[in-house]
Amino acid sequence: MVQVLDSPPSSPHIPVLLTPILNAVEPVHGRWLDGTFGAGGYTRALLDAGADCVYAIDRDPEVFERAKHWADEYGDRLVLIKGTFGQLDKLVAEHGGVPLDGIVLDIGVSSMQIDQAERGFSFMQDGPLDMRMSQNGMTAADVVNSADEAALADILYLYGEERASRRIARRIVEARKTTPIKTTKQLCEIVEAALPRAKPGQVHPATRSFQALRIVVNDELGELVRGLVAAEAVLATGGILAVVTFHSLEDRIVKRFIQTRSEQARSNRYAPEIAATSPQFEKVTKKAIGPTEAELVDNPRSRSAKLRLARRTSAPAGTIDAKALGLPAFDYTRLN
Ligand SMILES: C[S@@+](CC[C@H](N)C(=O)[O-])C[C@H]1O[C@@H](n2cnc3c(N)ncnc32)[C@H](O)[C@@H]1O
């Protein structure tokens, strides 16, 4: 059972790139969706800035327990929904919230999740090799102990951009023959032993492998694509889409989505079947927005954050090819 926390957590999550989001949508009004509620930093800021209502989704049941001590302040202006933002269209429609005036997605894990050793996200602390944001389904230990060597190598390469993926996969398979890999420390040591020691300024050798496993356990990139497609379906004309990402695989998907959805689709002699359609979004800023020096000082975890913003047009929502958005083609049935 989830423990109810009466007081704020000791290491609260500091909202990232919140000021540029609020500046882009001034004045904040209407119905918003926060697809990654976490510690509620964006949700509270949107409500305090004038949103009539915020539908707040998170897949981690624990975040709602943590919000208990303040959520009532906002009465029925705040609707808490447990689920994944890949289904945000259905979830919000069930609560009568469609169409929406804005959607914010702050992709990834929260500081609270990383800092709790028992959630298994961090190689800096020993804990069970879990990594499930939703606290159900397949764990990272399940993947590491049951996937075949080729599937493990593909996961590390596609989702961690790990060049030594084959070497690490081989070491994992060798190690698990004698002892099942159950903890973050065990996995960290296997990866460290397979790679040269990090030079000053380089990331810890286990960073990429942990990222890859977290992405696959939570199907993070699949969720992102589904969330963007769903956002297009439920945003009102003029509605804002704001997405904050933390690594290149995520940012590539958001960048391509906004790029392709803000271009006029035209048929040509190579693709005559494409009907000319008006774009579904227009870019709010040409480039991604990163943290300011001041934000970096306050919150070093913002260093790799990128914000992309787009405004919904009145064009009807269309269909989208996930592969064209750069979604790595890993076949999840290889893990069954
Ligand atoms: C970076 S934190 C968000 C922090 C939040 N913006 C704040 O200011 O407190 C990401 C949160 O999104 C949740 N999350 C990640 N992927 C999700 C998904 N596909 N659906 C729903 N929630 C998700 C995580 O459980 C985590 O609580």
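Close-up 1. An N or O atom in the Q113 side chain sits 2.9 Å from an oxygen atom of the ligand. Once the ligand is in place, the protein buries 99% of the 600 Å² that the ligand exposes when taken alone. Keep in mind that this is a predicted model.

**Close-up 2. A39 and D106 at the ligand.** With A39 it's the backbone that does the talking: one of its N or O atoms lies 2.9 Å from a ligand oxygen atom. D106 uses its side chain instead, putting an N or O atom 2.7 Å from a nitrogen atom of the ligand.

**Close-up 3. The shell around the ligand.** There are 24 residues around the ligand, and A39, D58, F85, D106 and Q113 come nearest. Sort the shell by type and you get eight nonpolar, 11 polar and five charged residues.

**Close-up 4. Where domain 1 meets domain 2.** Domain 1 takes in 18-111 + 220-325, while domain 2 covers 135-217. Their centres, taken over C-alpha atoms, are 30 Å apart. At the contact, 11 residues of domain 1 touch seven of domain 2. Together the two domains bury about 780 Å², with 46% of that on carbon and sulfur atoms. On the domain 1 side, E220, H247 and L249 supply 53% of the area buried against domain 2, more than any other three residues.

**Close-up 5. The R214 and E220 salt bridge.** Zooming in on this pair, the closest N and O atoms of R214 and E220 are 2.8 Å apart. The count of salt bridges between domain 1 and domain 2 is one. As for polar contacts, five residue pairs make them across this interface, with both partners at pLDDT 80 or more.

Notes. Residues numbered from 1 in each chain as written. Predicted model: local features only at pLDDT ≥ 70, side-chain atom pairs only at ≥ 80, totals over all residues. Heavy atoms only, no water. Near = heavy atom within 4 Å. Polar contact = N/O pair within 3.5 Å; in protein donor to acceptor, adjacent residues only side chain to side chain. Areas by Shrake-Rupley, 256 points an atom, 1.4 Å probe, with all protein chains shown as cover. Nonpolar A, V, L, I, M, F, W, Y, C, P; charged D, E, K, R; others polar. Domains from an automatic or database assignment. Contact = heavy atoms within 4.5 Å. Buried area = accessible area lost by both parts, 1.4 Å probe. Salt bridge = Lys/Arg side-chain N within 4 Å of Asp/Glu carboxyl O.
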